[in-house]
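Grab a pencil and open the structure viewer.

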Amino acid sequence: MRKPDYPDADPRRWSLVDTYFSDLLCADDAVLIECLERNSRSGLPAHDVSATQGQMLAIYAKMVGAKRVLEIGTLGGYSTIRLARALPDDGVVVTIEANANYADVARMNLKRAGVEGQVDLRVGKALDVLPGLIGPFDLIFIDADKPNNPNYLTHALRLARPGTVIVGDNVVRGGQVIDAVSGDANVQGVRSFLELIAEEPRLTSTSVQTVGEKGWDGFALAFVER
Ligand code: DHB
Ligand code: MG
């Protein structure tokens, strides 16, 4: 193990630092605040990415010059709005949501954000919707039920082109990812996903841990070489 540059921090500070960064650099505007409020009022789980993470996704979209983004797992559409705003006028986010009630909330949020023309919201189980999609997508964000992550990766590879970036959310899970014998299907889904990424010769991959208002988690990042 390498020597840490900084000692362990107080986890409560992770949130304060997140607030500092997001207020300074990438604050939620009125539409995004309203989106999160509607999600909460509607009983959606608070699994949206943070403002700083949403801005990270938006910057990835810009870095790859994305015109077509695929999102697996819409929830209330917070990240969908962040991604849609990062696209050129003729860009599109195809986003898949299995829960019809969540999709109704997302539809309202997307309309309020004025991005409904740039978002193609598909309601259904991702494994039913994905076979009907035609690629390529420039950026693929996998953020749905974790036990299916390996299946989503298989579809992502089919729907990618050389240069596509694949991002997988929630691969650290408070450190549980290293528990090989975990009885948690989410942990096992994420582990199988990462192992599939590791053995896929078309991918150059890493995973980055994050701390902040979402606690301790992280993203898998994979670049499609060919
Ligand atoms: C869960 C799912 C997510 O996508 C997330 O960002 C956080 C938690 C979950 O299902 O527990
Ligand atoms: Mg997530």
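**Exercise 1.** In this predicted model, find which residues coordinate the magnesium ion (ligand 2), then work out why the D143 and D169 pair ties together separate parts of the sequence.

*Solution.* 
- Step 1: Start at the metal. The magnesium ion (ligand 2) is held by D143 (OD), D169 (OD) and N170 (OD1), at 2.0 to 2.1 Å.
- Step 2: Read those donors along the sequence, and the spacing comes out as D-x25-D-N.
- Step 3: D143 sits in the loop between β4 and α7 (149-158), while D169 is in the loop between β5 and α8 (185-198), so the pair links parts that are 26 residues apart in sequence.
- Step 4: Check the burial: D143 and D169 are both buried.

**Exercise 2.** Decide whether S22 is buried or exposed, and find what S22 touches beyond its sequence neighbours.

*Solution.* 
- Step 1: Locate S22: this residue belongs to helix α1.
- Step 2: The cut-off for buried is under 20% relative accessible area. S22 comes in at 10% relative accessibility, so S22 counts as buried.
- Step 3: Skip neighbours within four places in sequence, and the contacts of S22 are A27, A51 and T52.

**Exercise 3.** Describe helix α3: its span, its buried residues and what covers them.

*Solution.* 
- Step 1: Helix α3 covers residues 51-63, 13 residues in total, and spans 18 Å from first C-alpha to last, close to the 18 Å expected.
- Step 2: Its buried residues are A51, Q53, G54, L57, A58, Y60 and A61.
- Step 3: Their cover includes α1 (11-25), α4 (78-85) and β4 (139-142).
- Step 4: After α3 comes G65, with a positive phi near 60 degrees.

Technical notes: Residues numbered from 1 in each chain as written. Chains lettered and ligands numbered in written order. Predicted model: local features only at pLDDT ≥ 70, side-chain atom pairs only at ≥ 80, totals over all residues. Heavy atoms only, no water. Helix = DSSP H or I, 4+ residues; strand = E, 2+ residues; numbered from the N terminus. Expected span 1.5 Å × (residues − 1). Buried < 20%, exposed > 50% of the residue type's maximum accessible area, 1.4 Å probe, protein only. Contact = heavy atoms within 4.5 Å. Donors = N, O, S within 2.8 Å, 3.2 Å for Na, K, Ca; no water.
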